[in-house]
Every structure is written in structure tokens, then in C-alpha cells.
Amino acid sequence: MDMIYWDHYYNTILALNFLVVIGLFTSLRLFSGVIAHIHASDELLRKDNPAFGISLASTTLAVTIVLSGLVYGRPDNTVFHTVAAVAVFGVLGIGLMALTRIIFDRVTLRDVSLRDEIVGGNVAVAIADASNILAAAIIIRALMVWTTPDSVEGAIALFGGFAVSQVILTVVTWISIKIFRPGADGIGLQDYLKQDNRALALRFAGKKIGTAFAIAMAAQIVVYEVYDIVPLLAAWFVVSIVAVAVWRVLCLIAEKIILFRADVQSEVLDQKNIAIGALQAAIYISLGILMSSL
């Protein structure tokens, strides 16, 4: 028993933080309406809409990812200060996820109405939407762990890092859309999503989440300094760009080896081969996780 150390003060804070996090999580149904802009009961219980189920499930997981970055808190502060900070930053994190969905809907996939497609049962669009909200959660959690979530300076660093990361994530996705090679029918990526091409949606989701993990790697490299926010965010930006570039090169090499001689474009676009799309997604996400763990 001498090997077990129990700090009553710290564990009291940890328990209270956990209760706050659980409270936010159990309020998910209220937040999901704000984030998804869809009436949950109708879609789940009356229409049995699988697309909305995927969207809501991803939101549930994303909220959990964000909240997991807050449980530890700051044991060197007062109980009230720490618990209040966890509650405030938890709500802020959920609000940032709502914002990222707006950006994704109105900027990244401008030709696709997320709400209309998901309400209509489009599973491919739901998968793409799920990847976006999960990618945002991965980045927000990394920022919350990286910063000091109990001060105004910490909030500024959180918002600044989120803004920088969203710019990178949006631009990378936008470039992927622009350089997308059309299939035999000559249509673009957003059109394939609207046609419910789930193989392409899985590949798209893998790239989105893998990019987020690569960006999150910056939290392992950039040293957080609360007094110098501009150079701090500049460093986060540079490291994120380099990490995404390295991740992409590794993905290209891995694809060439693992999918040797496979006509990936035809398999995904023309044959809608979900197995190939899922395998590509696994490659992108796996390499992203490995990089973020460095």
C-alpha cells in the first residue's frame, strides 16, 4: 500500500471536474440540437434516419474527446477556480465545434447542404460531416491540453490556436476538393458526396481526421508560453504546416505499398468499393495518430 499515493485535495478537485464533465456530456441532447440544427427526436425515433444517427453519434464522440482534455484541470488552484474553469472551457469547446460545422457547411463544402442531405438520409454526407466534427474535437482537445484552461490568456491561446488550425484544415480540404480528379462521368467530389458515394466519403473522412491528428502534433513540439501569444501562434502554424506536409508524403508512400497495383480511383469512384475507401481512411488516420504521438 506504500506504493499508492492518495492526495485528498487533488482527488477532490478531480472528482468535481469529472462530475462537471459528466454533466456537460449528459446535456448532449441540448447541445446536439445547436450543433446539428436538426430535431433529434423526429430523425431518430420517427424516421429512423441512419445519416442523422451517424451525425449524432459523431457529435457524441466529439464532445467526449473535447471533455477528456478538461478532466485533469489545475490542482494548484482553488477548488472553485478549477471547477469553474472546466465548466466554462467545456462549453467553449462545444461552441467551437458548432462553429467548425458552420465553416464546413458554408465554406468548405459550399455546394452541399449538410442539413438537407442528412435529413434526406445521405449517409456519405453524414460520414463527411462526422469526420469534420471529429477532426475539430481532436484539435480542440490538443489545444486544451496544451494551453492553461483557467485564465483569459489561456482562452485567447485556445481561440487563436483554433483559428489557425481551422484555416489549415479548411485550406487542406479545399485543395483536395480543387485538385480532385473526376471519375469517368467527369463530376467533382462534392457531387459524388451528394450521390451518396460512401467509399469516397470514407476516404474523405480519413484524410480529414488524419490531417487533424497531424495538426495536433504541434502541441507536442511548440512550447506553450502565455506571455507571448503572437510568436506562439506563428510557431503553431509553421509546425502544423510542416507536420501536415510530412503526413501527406507518408500517406502517399504507404498507399503505394499497401494498395500496390490497385486502380484506387476506379475502385472508389466508379465501383464505389467501400473496402478500398475504408482501407485508405485507415491509412490516413493511422499515420496521423502515429505522428501525433511523437
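In this predicted model, helix α4 (residues 50-68) packs against helix α7 at an angle of about 5°, and the two axes lie 8 Å apart. Angles under 35 degrees count as roughly parallel, so α4 is roughly parallel to α7. On the α4 side, the contact is made by P50, A51, I54, S55, S58, T59, L61, A62, I65, V66 and S68. On the α7 side, the contributing residues are V123, A126, I127, D129, A130, I133, L134, A137, I138, I140, R141 and M144. Sorted by class, the contact of α4 with α7 has 17 nonpolar, four polar and two charged residues.

D129 of α7 also takes part in a charged pair. Side chains of opposite charge can pair when their charged atoms come close. Here, the side chains of D129 and R101 form a salt bridge, with 2.4 Å from N to O. This pair links distant parts of the chain. D129 sits in helix α7 (residues 123-146), R101 sits in helix α5 (residues 79-108), and the two are 28 residues apart. The structure holds three salt bridges.

A second pair of helices involves α14. Helix α10 (residues 198-216) packs with α14 at an angle of about 5°, and their axes are 7 Å apart. The two helices are therefore roughly parallel to each other. From α10, the contact includes R198, A199, L202, R203, G206, K207, I209, G210, F213 and A214. These meet I274, G277, A278, Q280, A281, Y284, I285, G288, I289 and S292 in α14. The contact of α10 with α14 has eleven nonpolar, six polar and three charged residues.

Helix α14 (residues 274-292) also meets helix α12 (residues 229-258). Their axes come within 10 Å and cross at roughly 135°. α12 and α14 are therefore oblique to each other. The crossing of α12 past α14 is right-handed. In α12, the contact residues are A243, V246, W247, R248, L250, C251, A254, E255 and I258. Their partners in α14 are L279, Q280, I283, Y284, L287, G288 and M291. The residues of this contact divide into twelve nonpolar, two polar and two charged.

Residues 156-177 are 100% helix and 0% strand, and the end C-alpha atoms of the span lie 31 Å apart. Residues 274-293 are 95% helix and 0% strand, with end C-alpha atoms 28 Å apart.

Note on methods:
Residues are numbered from 1 along each chain as its sequence is written. This is a predicted model: local features need pLDDT of at least 70, side-chain atom pairs count only at pLDDT 80 or more; totals for chains, interfaces and linings use all residues. Side-chain values use heavy atoms; hydrogens and water are left out. Axes are lines fitted to C-alpha atoms, for helices over the stretch in contact, and angles run from 0 to 180 degrees between N-to-C directions. Helices (H or I, at least four residues) and strands (E, at least two) are DSSP runs, numbered from the N terminus. Angles under 35 degrees count as roughly parallel, over 145 as roughly antiparallel, 65 to 115 as roughly perpendicular and the rest as oblique. A crossing is left-handed if the near helix is turned anticlockwise from the far one by less than a right angle, and right-handed if clockwise. Contact means heavy atoms within 4.5 Å. Ala, Val, Leu, Ile, Met, Phe, Trp, Tyr, Cys and Pro count as nonpolar, Asp, Glu, Lys and Arg as charged, and the others, Gly among them, as polar. A salt bridge is a side-chain nitrogen of Lys or Arg within 4 Å of a carboxyl oxygen of Asp or Glu.
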